[in-house]
Amino acid sequence: GLFNKDRIMKTIILTLLFILAAPLVSAEYSRTYIESHPLQTVAVNGIDMAYRVVGEDPDRPKVVIIMGLGGSNVVWGDTLVKGLVEGGYELLMFDNRDVGGSTRFDDWGQPTIWLQLIKQKLGLPVNAPYTLSDMAADTVALMDRLGYQDAHIIGTSMGGMIAQVVAAEYPQHTRSLISIMSSTGARHLPWPTQRAEGNLRDLAEGDAAAERDAMMRARGFYPESMPRQLMAVFKSGDRSEDVASIQASTLVMHGVDDTLVPPPHGVHTAELIQGSEFVLLEEMGHNMPENVLPELISRMRGHMDKVEGKQAKAARADESVKVTQAPS
């Protein structure tokens, strides 16, 4: 019985660990274009943050993209980054705290995940070196440092959660929100499916584990930071109330085949944000497959273009009001 319990716990832990990362690993994205833009480091919000600016141009509207659990900025891959830049946007991409070239929290050690999982289930406080709010504050501090008054905030998976927090806590910095395969953290939402757990069990044993670790590192993931970032997600808990307060124009996208963060997570996000658009994408799981990228990019650009058009119209209307009110 105990062994079985132990195995179940191990499975749950692994499921959670890879919930926001593993499927992203399978695709081999080129990152030559991304890496042709220098990785710079700046001290903000009490940590060092590594970042790149792509498509730099003072006249372009700004986009900030936020990666998921344990992933550095290169995980986005060239196709998506190029696609957004070709849409006429300047893109800020960075390493979240605890990954890549940003400040790492290895000294904090590793959480005892099963214990924290039990605490979370019981509604007790979870031990974490930081929260999603801290990561959102990092994002906004970096924007401030680089002179970004506001930006379209895009996040995937845990990055989508951080993006939601930015939109809720820093509305003045949020031009629009795009939340991809993410969640509100509401307790009633479904857990990963058994199929997903089975895949993870296969990944977690013997040679496969070492192979997976090497593959993840090669793709720009930092497995040692994943448990700590997972704790940040746990500690942040159910964010439904904050998500419901989001005023920014929002696009929520989810893969129909996402077995790790099932589609109801995306549906719930969209339901809470007034006037948001929800798109369920075929042939997409908890990943951004090469064949789905063109549609993802086109929908992101369409959403941001619409917001930019509205802003420009509002600015023109504002100008004409000023003109008509001008003293003769």
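Which element gives the largest share of the lining of the largest cavity? I started my notebook with that one, and the answer is α7, with four residues. A reminder to myself before going on: this is a predicted model.

**Entry 1: the cavity**

I looked for cavities of 30 Å³ or more and got a count of one. The largest cavity holds about 30 Å³ of space. I wrote down its lining: Q164, V165, A168, E169, R239, D242 and V243. Two elements, α7 and α11 (240-244), each give two or more residues to that lining. I then sorted the lining residues by type and got three nonpolar, one polar and three charged.

**Entry 2: helix α7**

Since α7 had come up already, I looked at the helix itself. It covers residues 158-169, which is 12 residues. From the first C-alpha to the last I get 16 Å, close to the 16 Å expected at 1.5 Å a residue.

Is α7 enclosed by the rest of the structure or open? I find it largely enclosed, because 11 of its 12 residues are buried. The buried ones I listed are M158, G159, G160, M161, I162, A163, Q164, V165, V166, A167 and A168. Of these, Q164, V165 and A168 are also on my list of residues lining the largest cavity.

**Entry 3: helix α5**

Next I checked burial in α5, where I113, Q116, L117 and Q120 are buried. Looking down the axis of α5, I see these buried residues fall within an arc of 105°, so they line one face of the helix. I also noted what follows α5: G123, with a positive phi near 75°.

**Entry 4: salt bridges**

How many salt bridges does the structure hold? I get 11, and I went through a few of them.

K62 and E90 make one, with their side chains meeting at 3.0 Å, N to O. This pair links distant parts of the chain, with K62 in strand β3 (residues 62-66) and E90 in strand β4 (residues 90-94), 28 residues apart. I checked burial too, and K62 and E90 are both buried.

R97 and D138 make another, at 2.6 Å from N to O. Here I have R97 in the loop between β4 and α5 (113-122) and D138 in helix α6 (residues 132-145), so to speak a link between distant parts of the chain, 41 residues apart. R97 is buried, and D138 is buried as well.

Then I looked at D98, which forms a salt bridge with R228; their closest N and O atoms are 2.7 Å apart. D98 sits in the loop between β4 and α5, while R228 belongs to helix α10 (residues 226-236), and the two are 130 residues apart.

Why do I call D98 buried? Its relative accessibility is 0%, and the cut-off for buried is under 20%. R228 passes too, because its relative accessible area is 1%.

**Entry 5: where I stopped**

For my own recap, I have the cavity with its largest share of lining from α7, and the helix α7 with 11 of its 12 residues buried. I also have α5 with its buried residues on one face.

Key
Residues numbered from 1 in each chain as written. Predicted model: local features only at pLDDT ≥ 70, side-chain atom pairs only at ≥ 80, totals over all residues. Heavy atoms only, no water. Salt bridge = Lys/Arg side-chain N within 4 Å of Asp/Glu carboxyl O. Buried < 20%, exposed > 50% of the residue type's maximum accessible area, 1.4 Å probe, protein only. Expected span 1.5 Å × (residues − 1). 1 Å grid on protein atoms, 1.4 Å probe; cavity = no way out; pocket = protein on both sides within 12 Å on 5 of 7 lines; lining within 4 Å. Points joined across faces, edges and corners; volume = space filled by probe spheres on them. Nonpolar A, V, L, I, M, F, W, Y, C, P; charged D, E, K, R; others polar. Arc of directions from axis to C-beta.
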